[in-house]
Amino acid sequence: MNELTGKFKEVLATVLSISIIVLALHFTITPLESNMFYAFLIGSALVILGLTVFLFGIDQGIEPIGHGIGGAITRSNSYAVVITVSLILGFFISFAEPDLHILAKQVDSITSGQFDNILMVVAVSIGIGVMMTLGMLRILRDVRLKYVFAGAYGLIFILSLFSSADFLAIAFDASGATTGAITVPFMLALAAGVSALKKDSKTGEADSFGLVGISSTGAILGILITGLFVVNDDLDGALPESDIASSSLLDIYGSKLLTIAWESFLTLLPIITAYLVFQIFVFKQKRSKVIDIARGLVLTYVGLVIFLLGVNGGFMAVGAELGKQLASMESRFPVLFVSLLLGLTTVLAEPAVHVLTHQVEEVTGGSVRRSLVLVFLSIAVGLSIFMSTLRVLVPGIQLWMYLLPGFGLAVVLAFFVPDLFVGMGFDAGGVASGPMTATFSLSFVQGIAAQVPTADVVADGLGMIAIVAMTPIIAIEILGALYHARSKSAKSRNLKSNQ
């Protein structure tokens with residue numbers, strides 16, 4: 001009960017910050033339709049309740065399963081088992097990820113079906129499965145993270161030369177969206193389960209991170225390769241009009257409940273199936289342990305349904321509407337300021353961010369405090385959404401102008417900071433771009449793009465998640481550099497004092 005109360009207080013503090021921003025805008029410069037405003041308030045309450053239950057369920061169900069499967073396939077001492085299980089799990093977990101389906105439907109909608117949502121989900125899921133498998137093999141073979149990321153992003157750069165701006169934006173957005181509420185906790189637990197069996201504790205600590213970052217590159221590669229075979233290089237589109245203002249609150253939420261409940265069930269189904277298979281043939285855990293995990297899975301499911309209902313019911317439409325209203329003002333200061341403010345706060349409401357930061361503190365024995373990681377992530381995502389808005393407002397700024405030097409710097413920094421922070425940084429890039437970013441923040445930027453005459457809803461409205469996935473990597477690597485410098489300084493002082 002104490003743990004549940006603690007999570008509720010944590011979630012309440014973070015989600016309220018977003019709600020306060022929307023309330024302040026509603027009562028000052030961007031008033032919302034009454035129906036939309038009330039839908040947002042209900043959505044906020046659902047997000048708080050759902051996120052609390054979800055995070056509690058993750059601790060009880062998803063993480064123990066991931067740890068168990070990771071340890072089991074490692075103890076098998078069979079690369080065939082590792083490759084087979086990783087490919088299957090990677091594909092189906094990604095295919096069932098709600099954030100990916102949200103983005104795919106948005107892409108399908110704004111491009112009027114030119115890029116089919118199922119095709120996009122399949123392409124991303126294949127890429128995730130392949131790269132997650134390589135990530136697992138990397139841990140077992142002790143390959144340094146910096147070499148893997150250098151190779152992966154080198155290949156991405158080559159493919160980018162043959163890709164259109166539209167597919168580049170979709171590809172990098174997909175890499176952030178696919179590492180969402182279910183994928184991240186499972187992958188982190190899987191990596192931790194494999195790493196825990198290593199004799200070298202320092203190596204095992206570093207290998208607990210990086211799997212999410214490696215897997216997310218598979219999403220980029222999957223979309224870029226698919227784009228080479230799509231006839232229409234340039235995707236045209238427009239932002240669909242929302243009918244939330246003319247619908248009743250019952251219709252707004254009631255019409256989405258069954259769909260979200262079914263999609264959430266599909267999200268958990270691969271993990272449940274994997275657990276049942278391993279329980280029957282490998283784990284053979286006691287009944288009490290199985291009941292605990294089953295309870296955790298039920299709580300995770302209920303929390304995910306409530307959370308996604310709140311996000312889809314009240315957040316997305318309000319985000320787009322605020323973007324339109326702010327972009328229509330003569331002064332550009334309000335829209336840029338709100339973009340920065342939203343970025344600083346929305347990342348704190350991402351469920352996977354809390355999972356990652358807790359594991360960072362746990363794995364490092366408290367030497368890297370989660371509060372410090374949250375501060376660095378908050379600043380990074382604030383700058384991300386600010387940069388995204390600036391790109392929409394200024395026609396000359398192209399997405400590659402951010403991504404090429406940004407990811408290039410991230411790869412270079414990987415050679416100068418401890419491996420622990422390299423993996424942590426690339427994982428952070430994935431977790432920062434979760435359901436809150438894929439819904440509210442993306443809708444906000446798309447609303448701006450729809451209002452600015454020189455902007456394109458596809459090329460400029462998309463790409464925001466890509467920038468959000470990039471800046472946390474650099475931020476955490478800088479944190480790692482500072483941590484490394486402080487550690488060396490402390491060791492130097494200790495040596496002098498002992499002499």
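This is a predicted model: local features need pLDDT of at least 70, side-chain atom pairs count only at pLDDT 80 or more; totals for chains, interfaces and linings use all residues.
In helix α12, which spans residues 287-327, D292 and R295 sit three residues apart, a separation of about one helical turn. Their side chains meet in a salt bridge, with an N to O distance of 2.7 Å.

Side chains of opposite charge can pair when their charged atoms come close.

Let me turn to K105 and E263. Their side chains form a salt bridge at 2.5 Å, N to O. K105 belongs to helix α4, residues 98-110, and E263 to helix α11, residues 249-283, so this pair ties together parts that are 158 residues apart in sequence. K105 is partly exposed, at 38% relative accessible area; E263 is also partly exposed, at 24%.

The next pair is R391 and D460, whose closest N and O atoms are 3.5 Å apart in a salt bridge. R391 lies in helix α15, residues 370-393, while D460 lies in the loop between α18 (435-451) and α19 (464-498); the pair therefore ties together parts that are 69 residues apart in sequence. Are these two residues buried or exposed? Both R391 and D460 are buried.

To review the positions, D292 and R295 pair within helix α12, K105 and E263 link α4 with α11, and R391 in α15 is joined to D460 in a loop.

Conventions
Residues are numbered from 1 along each chain as its sequence is written. Side-chain values use heavy atoms; hydrogens and water are left out. A salt bridge is a side-chain nitrogen of Lys or Arg within 4 Å of a carboxyl oxygen of Asp or Glu. Helices (H or I, at least four residues) and strands (E, at least two) are DSSP runs, numbered from the N terminus. Buried means under 20% relative accessible area, exposed over 50%, partly exposed in between (1.4 Å probe, protein chains only).
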